[in-house]
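Hi everyone, thanks for coming.

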Amino acid sequence: MVLLFLLVCSPIFGQGLEGRQEVFLRLRGEMIGEVQEKAVQAYFPVFSFLSEETKKEKDTALLADFFAGCIPLYEYAGQHGFAPVQAESQSAVERIIEGAEDHEKDVQELDLDTDLIEAVKNENIDSAMEEKRQQELAQTGEFIEAEKTLTIDRTALQDFDKLVSQFYAVDSTTYIGRDQLDVLKLTEKDMTLQQRDASEPQILIYHTHSQEGFADSIPGDDATTIMGAGERLAQILREKYGFNVIHHLGKYDVESRDYAYSNAAPDLEAVLAANPDIEVIIDLHRDEVPADTKLVTNICGRPTAKFMFFNGLSRTNKTGEIEYLQNPNLDENLAFSFQMQMTSNEYYPGITRKIYLKGYRYNMHYRGKTLLIELGAQNNTVEEIMNACDPLAHILWLVLSGEA
């Protein structure tokens with residue numbers, strides 16, 4: 001320990017008083033900076049990135065080795081997400097879970113770094129022909145499945161900080177660690193359907209919040225709400241892709257949104273008990289964003305609502321792991337949303353927002369292949385929402401069939 005200290009501090013000796021003071025101040029500042037950086041990495045992983053230039057600095061590397069050798073917790077904190085556990089009553093947690101103390105989600109658009117994109121255009125697409133086709137589609141309003149236009153470099157995403165910053169928005173109530181977001185684990189899990197013949201129901205679509213409407217929804221007309229979008233998505237999956245789909249029309253938030261997830265659970269369990277071959281569950285919502293934010297893009301010349309995948313982690317910064325809300329399927333949930341996100345980016349760039357991570361369970365524990373999807377928001381039109389069901393169904397087919 002003494003020798004290591006002398007090695008680090010050797011530049012100090014042999015200098016005058018003024019020089020020693022200058023070196024001491026520089027090392028002190030660097031050490032404080034290192035401790036602060038590791039604290040940020042430990043408590044707020046999504047905000048903890050170092051630039052490549054900083055990572056290459058000799059002094060920073062030397063100090064990192066010094067801390068790793070002398071303070072084992074320093075190195076541990078750099079490899080694992082961590083948050084303090086503070087007692088909180090079960091009733092208080094349940095109120096938060098049901099939305100009584102909900103947090104407004106940041107609207108974070110996905111903007112991929114250019115170094116993640118291996119190919120801007122797929123080689124089998126002639127750009128002139130594709131442009132002509134898009135012009136024709138704009139006139140007819142017909143949806144045509146996109147071909148793969150981008151290829152994202154998976155190896156670059158082995159950098160945890162890059163993976164989080166590029167693909168995830170982490171709610172302030174929770175935290176995520178390197179053990180859960182490993183790009184190899186996320187991409188290697190098999191998300192294809194095991195039951196391919198559609199002799200029994202394969203997919204369940206339902207709505208925890210059935211009363212969510214859009215800018216021009218007609219009061220009292222479920223066909224113009226998120227439930228209408230669920231029926232449209234189910235229809236496409238059945239008729240175009242041959243899936244056996246149940247669209248469950250239960251309403252759990254008519255009087256109040258409080259306890260909607262708890263209210264939905266018994267019906268979900270009953271449907272799954274009656275249809276044990278169901279592999280995929282989709283809880284279809286619409287988000288709420290600031291009035292001046294418009295979640296819309298252009299697909300095949302049609303205005304199309306953007307959507308977002310959402311995962312609950314069954315833990316919060318205050319409580320730590322929520323023991324009575326365990327989710328044995330969490331890793332598979334995370335893999336499913338990530339593979340959906342990657343496929344969306346490569347076939348329909350710009351149609352998704354970042355995957356949102358929050359602290360609770362949201363009934364995602366019943367099946368590994370479970371998605372909670374925020375389809376557009378309150379200020380999208382019904383037309384934009386219905387148009388989004390076509391690419392969403394195509395993306396589902398690509399992932400579930402293994403064709404992505």
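What you see is a predicted model, where local features need pLDDT of at least 70, side-chain atom pairs count only at pLDDT 80 or more, and totals for chains, interfaces and linings use all residues. Residues are numbered from 1 along each chain as its sequence is written, and side-chain values use heavy atoms, with hydrogens and water left out.

First, the overview. The protein has 13 helices and 13 strands; these are DSSP runs numbered from the N terminus, with helices being H or I of at least four residues and strands being E of at least two. Of its 404 residues, 50% are buried. If we call it a contact when heavy atoms lie within 4.5 Å, then 81% of the contacts with a separation of 6 or more are between residues 24 or more positions apart.

Now find helix 8, residues 160-167. Which of its residues are buried? They are Phe160, Asp161, Lys162, Leu163, Val164, Gln166 and Phe167.

Two strands pair if DSSP finds at least two bridges between them. With that rule we get an open sheet of 7 strands, in the order 3-12-9-13-6-4-5, with mixed pairing. At its edges are strand 3 (168-170) and strand 5 (245-247), each of which pairs on one side only. From one strand to the next, the twist averages 25 degrees; axes here are lines fitted to C-alpha atoms, for helices over the stretch in contact, and angles run from 0 to 180 degrees between N-to-C directions.

Please zoom in on strand 6, residues 280-287. Why do I call it largely enclosed by the rest of the structure? Because 8 of its 8 residues are buried. On one side you have Val280, Ile282, Leu284 and Arg286, and on the other Ile281, Asp283, His285 and Asp287. Strand 6 runs parallel to strand 4 (residues 203-206), joined by 4 bridges, and Asp283 is the bridge partner of Tyr206. It also runs parallel to strand 13, with 7 bridges joining the two, and there Val280 stands opposite Lys369.

Two helices lie across these strands. Helix 12 lies across strand 3, strand 6, strand 9 (307-312), strand 12 and strand 13, at about 165 degrees to strand 9.

Next, the interior. By a nonpolar core I mean a set of buried Ala, Val, Leu, Ile, Met, Phe, Trp, Tyr and Cys residues joined through side-chain atoms within 4.5 Å. The largest one has 68 residues, and Phe167, Tyr168, Leu237 and Leu396 have the most contacts inside it. Helix 13 (residues 382-401) gives the most to this core, namely 12 residues. A second, separate core of 12 residues includes Tyr206, Tyr252, Ala265 and Leu268.

Finally, the rings. Rings of Phe, Tyr and Trp (its six-membered ring) pair if their centres lie within 6.5 Å, and planes under 30 degrees apart count as stacked, over 60 as edge-to-face and the rest as tilted. This rule gives 8 aromatic pairs. In one of them, Phe143 and Tyr348 are stacked, 6.4 Å centre to centre with 25 degrees between the planes. These two are 205 residues apart, and the pair links distant parts of the chain. Phe143 is buried at 9%, and Tyr348 is buried at 3%. Phe307 and Phe309 have planes at 65 degrees and centres 5.8 Å apart, so this pair is edge-to-face. There is also one aromatic cluster, formed by Tyr261, Phe310, Tyr356, Tyr360 and Tyr362.

That's my tour, and I'm happy to go back to any part of it.

Key
Buried < 20%, exposed > 50% of the residue type's maximum accessible area, 1.4 Å probe, protein only.
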